[in-house]
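Hi,

Here is the structure I promised to pass on.

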Amino acid sequence: MALEATLIHETETPIPMTCADGVAITKGAILMLTDPNTVATTTGDTDACAGIAAEDKVASDGKTKIGVYKRGIFRGFAGAAGTTVGKGLITDNSTGAANELVNADVNSENIVGRALETATDTQSFLFELNPFSMELA
């Protein structure tokens, strides 16, 4: 994987969450939430964010738990649309590389966090991880 987020300031310790044994997850990967309370590497735009992987997970290693950061200050990478300081962020995998983030649209339902710096496509920037989802429809 590429463009993994890097922890800059730990504001909360990671918590264990369920993951599939047969998948590999890279430390720093943005994770999506699936049912029941399970994480996987994000695969699309606006996935419901569960947090960021605190450790590497090797495929088929027998482990079904992984440490996940739910809060913190991270260095991430902007997608094609870029980021603006203070704006909410969403995943941008379909138009960019895995783990890229962009400004949230007006009606975005799945927020990863908030940009602490402005950045253009593939530039690194600081962001505050604070995932949440809301139903706008």
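Two strands count as paired if DSSP finds at least two bridges between them. The strands themselves (E, at least two residues) are DSSP runs, numbered from the N terminus. Before the details, a word on the source: this is a predicted model, where local features need pLDDT of at least 70 and side-chain atom pairs count only at pLDDT 80 or more, while totals for chains, interfaces and linings use all residues. Residues are numbered from 1 along each chain as its sequence is written, and side-chain values use heavy atoms, with hydrogens and water left out.

- Strand β1 (residues 6-9) runs antiparallel to β7, joined to it by three bridges; His9 has Ile73 of β7 as its bridge partner.
- Strand β11 (residues 124-133) is also antiparallel to β7, over six bridges, and Arg75 is partnered there by Leu126.
- Strand β9 (residues 100-103) pairs with β7 in the parallel sense, over two bridges; Phe77 finds its bridge partner in Glu100.

How many of the seven residues of β7 are buried? Five are, so the strand is largely enclosed by the rest of the structure. Buried here means under 20% relative accessible area, exposed means over 50%, and partly exposed is in between (1.4 Å probe, protein chains only).

Then there's Asp61, in the loop between β5 (49-53) and β6 (65-69). Asp61 counts as partly exposed because its relative accessibility is 31%. From Asp61 to Thr120 is 59 residues in sequence and 38 Å in space, C-alpha to C-alpha.

Cheers

Notes
Helix = DSSP H or I, 4+ residues; strand = E, 2+ residues; numbered from the N terminus.
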